[in-house]
Amino acid sequence: MKLKKQVTVCGGAIFCVAVFSLYLMLDRVQHDPARRQNGGNFPRSQISVLQNRIEQLEQLLEENHQIISHIKDSVLELTDTGAISPSGHLPFRSANGSWVLPFDGRPTFLSVKPLDCQFALGRRSQTDLQMLDVYSLLNFDNVDGGVWKQGFEITYEPNEWDDEPLQVFVVPHSHNDPGWIKTFDKYYNDQTQHILNNMVTKMAEDPRRKFIWSEISYFAKWWESADVHKQEVMRKLILSGQLEMVTGGWVMTDEANAHYFAMIDQLIEGHQWLERNLGVTPRSGWAVDPFGHSATMPYLLKRANISSMLIQRVHYSIKKHFAATRSLEFMWRQAWDIESSTDMFCHMMPFYSYDVPHTCGPDPKICCQFDFKRLPGSRVNCPWKVPPRAINDANVAERAGVLLDQYRKKSKLFRSKVLLVPLGDDFRYDKALEWDQQYLNYQKLFDYMNSHPEMHVKAQFATLSDYFDAVYKANGVTSGARPPDYPVLSGDFFAYADREDHYWSGYYTSRPFYKNLDRILESHLRGAEILYSLAVAHARHAGVEGRYPVSDYSLLTDARRNIGLFQHHDAITGTAKEAVVIDYGNRLLRSLVGLKRVIINAAHFLIIKNKDIYRFYQTEPFLETDDRRATQDSLPQRTLIELESSPRYLVLFNPVEQERLCLVTVLVNSARVRVLTEDGQTLPVQLSAQWMSATEMSGEVYQASFMARLPALGLAVFHLYDSADSPMTLRSETLLRVPGRGQSIRGLDPLPVRSQTVDGQPFYIQTQSLTLGFSGATGLLESIRRKDDPQEVRVQIQFLTYGTRPSKDKSGAYLFLPDGNAKPYSQRETPIVRVVEGPLFAEVVAHYQHFQQTVRIHNVPGVDGLSLDITTMVDIRDQNNKELAMRFVTDIQSGDTFYTDLNGFQIQPRRYFQKLPLQANFYPMPSTAYIQDSQYRLTLHTAQALGVTSLASGQLEVILDRRLMQDDNRGLGQGLKDNKRTANRFRLLLERRSNSAKPVDSRPVSFPSLLSHMTSTILNHEVLALPVLPRKHGVPPMRTFAPLAGTLPCDFHLLNLRSIQSPQDAHSPSPYMALLLHRLGLDCGLEPQNPGFNCTTTQGQLSVSGLFRGLDLQLLQPMSLSLMHSQPPLSNDSSVSLDPMEISAYKLKLC
């Protein structure tokens, strides 16, 4: 009877919503001048006006219909499953055995406007070079090309430059790795400071000398210790154009494993430093050492107002093909771009390396003779056994002729008669002698060439932008514009091979512990930035800024710089020496501790109800952190909440920009735990054991899990008690599946444990949304069935191992050189498998010798309950030359196509090529990979960058960790032997296509679904559970902090809300903050699921003025991505508009 009443009430609510919505629609159509204006600027005839209004009404009716149908579905879903529990409060088991939770009385809806789905389906502009097609075309053979071993013989006619002389731009540079063989500080002390000190002296000797510098992390360190005179000379060199800052990021970022949040953040940090200290805005990008190149990079540089870029490490077969077709310079366009707005002019260096032997022309034996650091007597020599000769009057004619021949041959690979010749290498120009050797000898060569018109050449020292400017001028186009007939390219440049079958696909996984730690830091940095910006703005608004610890800004700066440093292409890649890795780890841990402090200090201020009584004491924190790490290489230990009969308070922080309905688990010291919401409502709790080993549980610590609804970017307060009366606390049911009868399994009161001997029969766990099947023999996943799908889908997890080749070339930190196909992982003992079931979650934990896998499903409506939460704890420290892989085997007919993300920003379709070796078919997976057919899509979301492939139809395979005992001859001089116990975290999402008859698109573009985007977000931005510390005088009243007045459209991702540094004081913020927004590209062809919160899209429109509750918007100014270039401010009541995939930055002032 009660159930019927509740359904009637819900039905009545739907009817009321429908009627009220129709009323509002009619009212809007009649009174909204903006809508009338959009409808065609007041047509002359009244009929047209009426027609427009009717069309608008139809559109609104359609939107309303979608909302109502979603609400109706929500209610029906609840009544079908009996989700309105008979008691009205307690969870209960339904007829099919799944647990049903009390309905929280808040139906939610998903309303994606049809126009917001069109982007994924729309036509794309044509490109001349699509990298997937290039891969299909090439043979990837390795034919000996003569002096240019990986290329071909280059010839020319002597008179080709008679009409238009060759312009040669020699660009001196020094590649300074912020950590690799030595730590950042040791490199700085030993080499980098001397390079910059010599630069000040030597560049001033001759205004014709030029140089480029890239790594701002080093430059900033030098600047801070340089005296005023040196700073002034350096500033003059930059302003006169002798020294150019290229790219201008904190580091030269890795492009395979780095997440776009961190790529942008390190670019902002570098650019903001340059603007503040030098007033310089970089114009050109320079990336000579990242191991393969991502299409995300040209987009980010374009958004930062950089007009041209250079790349170097590209597969030698692709370089050869591009050289043969004179396609080494191209417009790099995003695959999803409908027109050409993302085009970036890109120069690809044609030869093996960026060192001097491989930059003057095709013959390294000759080019090495023009690296004057290698003059006889130097510690560096030429491997080709012909040393350089100092230039003098007797040999200058012959030497200039030999060098010009190389210049001419190299120029034949390009479309213009303008030539770029880099002159440098790692940590070059650290001695004053080298400055003299290079600059004086080259100047003699240039003077000779330039004074002999019959040579038809003009040679000079130059910066990178000098070169690009000359190319644009020669082609008669403006800076950054497409020169006539230059090709347009889309796609990326992974995987990289520098010779033979040596593919650099190992570093996609190397040192996964730190790849995971990096992402935890990124989430904390984003959360800390947002809370700090909001706390300072609210403190100003309340007039208590003086009491707030504004000095926490220096902790943010420290974290930005340490995370920025870790994006370096020898840091996050896992390719540095062990001592350097420890240094990176210590920096990251220091920043993690600092960020947790920023978060708890901001949360303290924001959660206090009465700001007048707010006081901050450094020595008396109000909140505890959620966890602690003992050392930089240890896993976190969660904070234990010690319960009493008086309440302990818990503050939950949701770093996601949407309301969140999710499962939260905390550690408590009592099984009699009771959890209440802020307004006193008791919540169902699932009580589970804290396991010390596969078979032993703790007697003092318990896991308490409860479902929480949290405001977007907000803080919510919960009360925890030790209470004898806790009827809503339900115990987990635990079954241990053990190999034999010999093992004694003992539960501890009040958590009983059953045990049974392993058999081969499959077993199942289920929630209201999912049923999972597991192998009785292995305890690993076998199948997934969604509640709305009668079909059980085979999704089998297997573990495998790769060895390395027996020959001299073996796998190492960079290279993956397996000894053939993977072999199934095996161990003698049958694994112990733990099955835990309860009202809020169910999980299966399989204990193997080298890994422990937990597959958990949450019985929560919405995003949190629609995917599998998978944690694989890996420890291969007792293995030699082994790599552990996890493979998903399914019946999905994916063929040879699979999809991986680039930097968490976009999806790149991939193809398995049989003509390539196994290791060439692996790609980076920073956040997402999927396979699909006309019925299903299976997406693996990851919380750390790892290498991924699909070696057969229906398969997806991830390398989890690699332990390698030797160096792979790429300069590191070490293997990978410092493995840690590592938690690899994933979410596995199975989705069904809306129309199974629809064929899968074969175009070079693909997008995740909205649910997939949200799943990735909740995986990468976990809720932080912050216990309030007990206080002698009691805890002051607290209340939920919900910073957003409205809801953000659910295809918007709030990338950051970053406080901008004060111009006067580097340790405190200005009144301004940077709002970074990303509008997601969506594939709407997968069946929509109820996300658990109200989700609507707005065709890219967002009103910023009404976004932040309790704060007034005083400035809204569009900016370039790194905040260096501004547009005129918008009126404060303006809406901003973003296209799908667009990332935009705005300067805000909130008071």
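**Note on disulfides, burial and helix packing**

1. The link of Cys-368 and Cys-382 is left-handed, with -100° about the S-S bond. The two cysteines are 14 residues apart, and each sits in the loop between helix H12 (364-367) and helix H13 (396-411). Helices (H or I, at least four residues) and strands (E, at least two) are DSSP runs, numbered from the N terminus.

2. This is a predicted model, in which local features need pLDDT of at least 70 and side-chain atom pairs count only at pLDDT 80 or more, while totals for chains, interfaces and linings use all residues. Residues are numbered from 1 along each chain as its sequence is written, and side-chain values use heavy atoms, with hydrogens and water left out.

3. Cys-368 is buried at 0% relative accessibility, and Cys-382 is buried at 6%. Buried means under 20% relative accessible area, exposed over 50%, and partly exposed in between (1.4 Å probe, protein chains only). Cys-346 is also buried, with a relative accessible area of 0%.

4. The disulfide count comes to 4. With the bonded cysteines of the chain numbered in sequence order, the pairing reads 1-7, 2-3, 4-5, 6-8.

5. Cys-117 and Cys-1084 form a disulfide with sulfur atoms 2.2 Å apart. This pair links distant parts of the chain, 967 residues apart: Cys-117 is in helix H4 (residues 114-121), and Cys-1084 is in the loop between strand S48 (1069-1079) and strand S49 (1095-1096). The torsion about the S-S bond of Cys-117 and Cys-1084 is about -85°, so the disulfide is left-handed. Cys-117 is buried at 14% relative accessible area, whereas Cys-1084 is partly exposed at 30%.

6. In the disulfide of Cys-1050 and Cys-1095, the sulfur atoms are 1.8 Å apart. Cys-1050 lies in the loop between strand S46 (1024-1027) and strand S47 (1052-1061) and Cys-1095 in strand S49, so the pair ties together parts 45 residues apart in sequence. The S-S torsion of Cys-1050 and Cys-1095 is about 70°, so this disulfide is right-handed. Both Cys-1050 and Cys-1095 are buried.

7. Helix H10 (residues 296-303) has 6 of its 8 residues buried, so it is largely enclosed by the rest of the structure. The buried residues in H10 are Thr-296, Met-297, Pro-298, Tyr-299, Leu-300 and Leu-301. Just after H10, Asn-305 has a positive phi of about 70°.

8. Leaving aside neighbours within four places in sequence, Phe-322 is in contact (heavy atoms within 4.5 Å) with residues including Leu-129, Met-131, Met-348, Leu-489 and Phe-493.

9. The axes of helix H6 (residues 184-203) and helix H8 (residues 228-239) come within 10 Å and cross at roughly 65°. That makes H6 roughly perpendicular to H8, under a scheme in which angles under 35 degrees count as roughly parallel, over 145 as roughly antiparallel, 65 to 115 as roughly perpendicular and the rest as oblique. Axes are lines fitted to C-alpha atoms, for helices over the stretch in contact, with angles from 0 to 180 degrees between N-to-C directions. Leu-196, Asn-197, Met-199, Val-200 and Met-203 in H6 meet Lys-230, Val-233, Met-234 and Leu-237 in H8.

Note on methods:
Disulfide = S-S within 2.5 Å.
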